[in-house]
Amino acid sequence: MTKNILLTGVGGQGTILAAKMLTIGLMEEGYDVKMSEIHGMSQRGGDVTSQVRYSRERVWSPVIEKGTADIIVSFEKMEALRNLDYIRADGTVVVNSEEIPSMTVLTGEEEYAPDVIEELQKTAKKVVVIDASRKAEELGNVKAANVILLGALVQAMGLDDIDWEEIIRKTVKEKFVKLNLKAFAVGKEQMK
Amino acid sequence: MKKLLTGDEAIARGAYEAGVRHASAYPGTPSTEILENIAKYDEIYAEWAPNEKVAMESAIGASMAGVRSMASMKHVGVNVAADPLMTFAYMGVNGGAVIVTADEPGMFSSQNEQDNRNYAKMGKIPMLEPADSQECLDMMKAAFELSETYNVIFMIRMVTRVCHSKSLVECGERQEVPVKEWKPDPMKYVALPAHSRILRVQIEERMKKLAEYSERSSFNHAEINGTKTGVIASGVSYYYAREVFGEEASYLKLGFTNPLPEKMIREFCEKMDRVYIVEEDDPYIEEFCQRLGFEVHGKDTFPPYGEMTPDVLRKSLTGSTLPEVEYDRSKVIRRPPSLCAGCPHRGLFYRLGKRKDIMISGDIGCYTLAAGAPYNAMNSTVCMGASISVGHGAQQAFNRAGVKRKVVTVLGDSTFFHTGVESLINTVYNKSDTVNIILDNRITGMTGHQQNPGSGFTVKMEPAPIIDIEELVKALGIRHVKVIDPNDLAAVDAALDEFLPLKEPSVIITRWPCVLKKFSEADLEEFDGLFSTKDTVDPEKCIGCRACMGTGCPALIFEKEEKKVRINRADCVGCDVCMQVCPVDAITKETGR
């Protein structure tokens, strides 16, 4: 049975790095893994989506079909709503409560709806809201929010047999290892 | 050893293992990472060429000289490289040669959706279509072997999802291939009509042999699960089809797609009650099947454009996608890409967009975003380097029709080196009076910061001679040249005021580095106080007029309740463009830094 994970956020939030750590872990565990990425035209400010599929058998398509994601992990709450059509009826949405306005909001052209989380909760079966950016700041660096969310994802998908500590050590710069290990634990805790 | 690689990384790995010694490319999404990864191998000479034609010709020269060589580019890049490619396909190779084309079904970052398999057909160039990263590696190795066996350049046709998707790849060792001896061979290498007429006949023989090989290529294979439904698919479309048609359908997966394996296709179609062709872009395989007399279903069932992802296939076949949750989509805001805070294009376009009675002929780069709000400062974008020549044509037409409209052309430094130089020669030679603006941000920005002939480094980050744009345009005969800081709005206005009335061509070079660039020592030396300050709004002075918002800077936030603008300190890099726009001087530089 192929599992489908959709990670989404805004450029610069570390979505791609989190997806990279995830796929390394899955590969080392012996799963067949495929990952597909779409990032917008600009380097910054656009939305970013990484789709990860894994299975003990062969994975065919690198892209997820709408209505089939087992979990959506969104690094920004509006991006969860944008991609909500990917979730399966009994899927889980893990969402960072951070709000990043787009250019259209900054100029007053559009309004950032105040009830995005409520809309998610109304629609999806299971929604877990994590204040990951604030928690990361408390740990000393807002950038670790992505690893908090990775921790939550690992816990939600029951992937804790994999040696994530080792993967974190291998992927992040040495001076950030401690921070990211703490962040990972915080993320896991949120899902327990 | 197994690695998780993107298709682009696997192409690079394949080049390495195949013993490639020479690789040339011009950056273009989604092909850019191929050369970036090749450049990591010491064994391979790698270079950014100024454009795809030059890259192709560089690879041709290296093949003639006896080494395995390649060129990689995005689909529209092959248009630029098509001239040498079409004739090199007649000549054949000495060292094996491969061209990699990265097509863009769905046009994520391209101006058109052309199907480059048509080039393979037109040029009688054998072609492989990888479905995943493993095939990228395997096909590269096979392509170089076959290129030397059949004496012809091979094409590898990728699509965005193959380029940018990761999957597991079994990596091997590099096979060193000896350099072949170069011998003068005018019959082969001098494309005179008399020689080409002979080669033209030989090509038909070669294609016949390749057609036989295609029948036995391991990249083409049938999986027979039943005879009710058969699916013929090439590249990644095969995987999409597997998701939707499932285990009951039979498949003919095609990877060697020029020439197509006629016998194999006949046998498959004859066995099946109903045959679907799943392929992205044009009905390339479908038309082949129809020519063989089979009634197959392709573009009558699936859309003739875009990606053939599982949801697209499912909707076409069953009338609906899988059930999705219902929610209020009107709450989803748009998140369009925008010029970064501190982008040196901002100041120029903010002022240029205010000019009346001009036409702005644009080009391909981040700056194409100036076509949209709030700048509305670009009236056309066609292809790389077109700004100057399209602008020239328009100016000539306006002038002769008695229309009083000045044309301003705009393009980036890398785009100027790509094909803008010839266009500017035309402007000088044919006496246009356009104002031409070269946005010199010291790097190739949009594709992710590749070096170029003006940046001072090679793809391997070795120091390189810098082509001086100012000296170059002067040498072409442009007498009115100004180099300005685009963040200085008065300087932008002054340059436009001076050059717009001129009756001869002029060039404005806006010189300030891309805010995302990793600055070189030369950058830090040349540009004083590079992005090292912050600007701030005095809320007492701000009257909420939102004039500064017109610059489109993402660091500016309009607080609706207070009716004041605030600057996001984390994003601001102190370019001062908003400061110059504020009518009440509410924006100042942060002090104490």
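How many residues of chain B are in contact with chain A? In this predicted model, 41 residues of chain B touch 46 residues of chain A. Several elements of chain B give two or more residues each to this side: helix H7 (160-164), strand E8 (165-170), helix H10 (237-245), helix H13 (310-318) and strand E20 (556-559). By residue type, the side of chain B that touches chain A divides into 22 nonpolar, seven polar and 12 charged residues.

Let's step back and look at chain B as a whole. Here you will find 20 helices and 22 strands. The radius of gyration of chain B is 27 Å, close to the 25 Å that the globule rule gives for 593 residues, so chain B is as compact as a globular protein of that length. Along the principal axes, its C-alpha atoms fill a box of roughly 80 × 65 × 55 Å. Buried residues account for 53% of the 593 residues in chain B. Of the contacts in chain B with a separation of 6 or more, 74% are between residues 24 or more positions apart.

Now turn to chain A and find helix H5 (residues 132-139), where A:Ala132, A:Ser133, A:Lys135 and A:Ala136 are buried. Looking down the axis of H5(A), you will see these buried residues fall within an arc of 165°, so they line one face of the helix. What do the buried residues of H5(A) pack against? Their partners in chain A are strand E5 (87-96), strand E6 (126-130), helix H6 (145-156) and helix H8 (177-190). After H5(A) comes A:Gly140, with a positive phi near 120°.

Notes. Residues numbered from 1 in each chain as written. Chains lettered and ligands numbered in written order. Predicted model: local features only at pLDDT ≥ 70, side-chain atom pairs only at ≥ 80, totals over all residues. Helix = DSSP H or I, 4+ residues; strand = E, 2+ residues; numbered from the N terminus. Rg over C-alpha atoms; globule rule 2.2 N^0.38 Å. Buried ≥ 20, exposed ≤ 12 C-beta atoms within 10 Å, placed from the backbone. Contact = placed C-beta atoms within 7 Å. Nonpolar A, V, L, I, M, F, W, Y, C, P; charged D, E, K, R; others polar. Arc of directions from axis to C-beta.
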